Amino acid sequence: MNIPHFTGIRLLPWCIPGIIFGFYADTDWRLPLFLAIIFVIGLGITYRMRNTAAKRMLFGSLVFITVFTVGWLTLSLHLEKNRLRHYSRYASTETENTIVFNIRKNLKPGAFYERYEARIISINQEKASGKLLLNVYKDS
């Protein structure tokens, strides 16, 4: 197998910008999923067309746009803040919040703080999820 002609290597330069775009676009997973479905349907329609130069160019362009969208979708599905029970959906900035969490790891302490990694169980009696970094001021 000749590596430069491997399909995954040719598509990777289009997937990486999709991942980067998804990181900065700050959207949930629904928009890239909808676009990916539309582009896959477009690929199926284009594949059925008669073999001409225009068909090859359109099909190739749709493949690259679809791979870009799949990279965006992949990142959107893996971001924790896009999950339905993420704590950012329940926490209020205007009132005090009651947070129940479980300490998972004791991290290396700093000069003034003890540090812990915690997993959120609930916020304001609503079941929630997510990780947070907890800094506790050291007493003398």
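1. Let's start with how α1 and α3 pack: helix α3 covers residues 53-78, and its axis lies 7 Å from that of α1, at an angle of about 45 degrees. Axes here are lines fitted to C-alpha atoms, for helices over the stretch in contact, with angles running from 0 to 180 degrees between N-to-C directions. The two helices are therefore oblique to each other (under 35 degrees would be roughly parallel, over 145 roughly antiparallel, 65 to 115 roughly perpendicular, and the rest is oblique). α1 passes α3 in a right-handed crossing, meaning that the near helix is turned clockwise from the far one by less than a right angle.

2. Who makes this contact (heavy atoms within 4.5 Å)? From α1 the residues include Trp14, Phe21 and Phe23, and from α3 they include Phe64, Phe68 and Trp72. The residues of the contact divide into 14 nonpolar, three polar and one charged. In this scheme Ala, Val, Leu, Ile, Met, Phe, Trp, Tyr, Cys and Pro are nonpolar, Asp, Glu, Lys and Arg are charged, and the others, Gly among them, are polar.

3. A word on the basis: this is a predicted model, where local features need pLDDT of at least 70 and side-chain atom pairs count only at pLDDT 80 or more, while totals for chains, interfaces and linings use all residues. Residues are numbered from 1 along each chain as its sequence is written, and side-chain values use heavy atoms, with hydrogens and water left out.

4. Two residues deserve a look at their backbone. Most residues other than glycine have a negative phi. Asp26, in the loop between α1 (7-25) and α2 (30-48), has a positive phi of about 55 degrees. Gln125, in the loop between β2 (113-123) and β3 (126-127), has a positive phi of about 60 degrees. Helices (H or I, at least four residues) and strands (E, at least two) are DSSP runs, numbered from the N terminus. Asp26 is exposed at 52% relative accessibility, and Gln125 is exposed at 68% (buried is under 20%, exposed over 50%, partly exposed in between, with a 1.4 Å probe and protein chains only).

5. How many salt bridges does a search of the whole structure find? The search finds one, a salt bridge being a side-chain nitrogen of Lys or Arg within 4 Å of a carboxyl oxygen of Asp or Glu. Asp28 pairs with Arg30, the closest N and O atoms being 2.4 Å apart. Asp28 is partly exposed at 27%, and Arg30 is partly exposed at 46%.

Notes
Contact means heavy atoms within 4.5 Å.
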